[in-house]
Structure formats: structure tokens, C-alpha cells
Amino acid sequence: MDILWQYQFRIILLGDSTVGKSSLLKRFTDGIYSDVADPTVGVDFYARSLDIEPGIKIKLQLWDTAGQERFRSITTSYYRNSVGGLLMFDLTNRKTFEHVREWHREVSEDILPHHMVYILVGHKSDLGRERKVTRDEAEQLAAELGVRYVETSAKCNSNVERAFDLLMRDIYELMKMGEIAKRDGWDGVKSGLTAKVLYPAEEEAEREKGCNC
Ligand SMILES: Nc1nc2c(ncn2[C@@H]2O[C@H](COP(=O)(O)OP(=O)(O)OP(=O)(O)O)[C@@H](O)[C@H]2O)c(=O)[nH]1
Ligand SMILES: [Mg+2]
């Protein structure tokens, strides 16, 4: 039996509308980018598997939430089942940066007594001249929240892999230390999916199919 992945982490993307959550995910999972993007309605789902160390594959199940306020009642129900979160803002839109604390507070309070592993993501780094948030300010906020900071561009494919890789590794380390553990009724972390489970009758059929006589 082949193992498709050893662990599955459920990750959620958070942040105001238009910061680029869907674009970052499309770049990460499909390798595509478009300057024209529709706002997300409710929640969308993406997935990608990565090798974290030889023989250990992690499946990232990625939930893309709508930033628009009117969908908030739908998106909040996804916070609880996530082990990791990307707190995203648009480097060219100061308001989206100022709202990061609110996103962090809203989500953290909602999932109490449990915790989520976050990474702060300053997005649209390709628009250097329109920048409204300095790296220093963003790093300071990240330090206050106790999270990592990374600047990304879906358009130029800059640091996209790195953002997910860093978050995945932080979760993995905490899991190895026992600080994140599977819990009944919680889908943030799952372990072990085998490619195909063959029952005796199917095994017989498979053997016959492989026989050329
Ligand atoms: N220059 C630049 N524009 C980007 C980048 N990523 C996204 N955009 C643009 O920003 C706009 C909004 O992107 P979306 O990915 O739809 O934003 P969102 O956060 O998913 O928005 P909601 O679904 O409403 O929450 C689109 O016009 C994108 O083309 C980037 O890396 N660079
Ligand atoms: Mg979207």
C-alpha cells in the first residue's frame, strides 16, 4: 500500500477583500496568475502536497475565505478546523494592514481555548512604488503577534512557495514537540492516507488482471 501523505494540515487564508488571497492560492496550487479576479463568494477550497523531509509528505488543505464582510458568518465556521492561518494584507493598501490585528483577534478569540499557527503575509510586493507599508512596520507587527513575516507577489511568483513552506514547517515542528495534537472532532491535523485499500476479492481480481496467460 502506498502512502499518499503522512499528514494533512488544514490552512486558512484571512484578510480584507482584494488583498490577493485567491491569487496567491492559484499561483501556489495551479501556477497561474490573472490581473482580473472575481471576489470569492463564501469559501473556496484548494490543495497541494509538499515533501517536508525525505519520505514525509504533507497535504495542505487550503481554505480561501471571502474578505467581504457580508460573507463573515460563513467564513467564521472554518476557523475552528484550521491549524494554520495566513494573515494577509496588501502592501499598497494601508487599511488592509491596519485590519490585520482585527483579523488576528477575531480568529484567535473564536477558536479559544485552542490556538492557530499564523504567518503574516505582505502581498503585491511587485508594486514597489505604490507601497504604503514599510517592511520595518510589518516586521514590528509580526513580532508583536509572535509570528513570521514574508512579502509575496502572485504576479511575479515571489516567495509564494516560501510563505506556505514556512507555515507548514512551523506547524510540523510544533506537532513533533507535541504542542499540536490531533483531537476528536477537529480536522486541523490528520494523519496517514493510504493510496488504495484492497479487500481480498479485489486482490484476487487485481492478480487476474496482471496475469497474461
Ligand atoms: N500587482 C499585483 N496584483 C495582485 C497580486 N495578487 C493579486 N492581485 C490583484 O488583486 C486583486 C484582488 O485579488 P484577489 O486574489 O481576488 O483578492 P482576494 O483577497 O481573494 O479578495 P476576496 O476574494 O474578495 O476576499 C485582483 O485584481 C488581482 O489581480 C499581486 O501579487 N500583484
Ligand atoms: Mg478571493
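V121 stands opposite V150 in strand β6. The model is predicted: local features need pLDDT of at least 70, side-chain atom pairs count only at pLDDT 80 or more, and totals for chains, interfaces and linings use all residues. Residues are numbered from 1 along each chain as its sequence is written, while chains are lettered from A and ligands numbered from 1 in the order in which they are written.

Strands β5 (residues 117–123) and β6 (residues 148–152) run parallel, joined by five bridges. Strands pair if DSSP finds at least two bridges between them. Strands (E, at least two residues) and helices (H or I, at least four) are DSSP runs, numbered from the N terminus. Together with helix α5 (residues 135–145), β5 and β6 make a right-handed β-α-β unit. Right-handed means that, with the strands pointing away from the viewer, the path from the first strand over the helix to the second runs clockwise.

Next come β2 and β3. Strand β2 (residues 43–53) runs antiparallel to strand β3 (residues 56–65), with ten bridges between them. D51 stands opposite K57 in β3. Two residues lie between the strands of this hairpin, where G55 takes a positive phi near 85°.

Now the ligand. Helix α1 (residues 21–30) gives the largest share of the shell around ligand 1, three residues. Eight of the ten residues of α1 are buried (20 or more other C-beta atoms within 10 Å of the residue's own, with C-beta atoms placed from the backbone). Among them are K21, R27 and F28. After α1 comes G31, with a positive phi near 70°.

Terms used. Buried ≥ 20, exposed ≤ 12 C-beta atoms within 10 Å, placed from the backbone.
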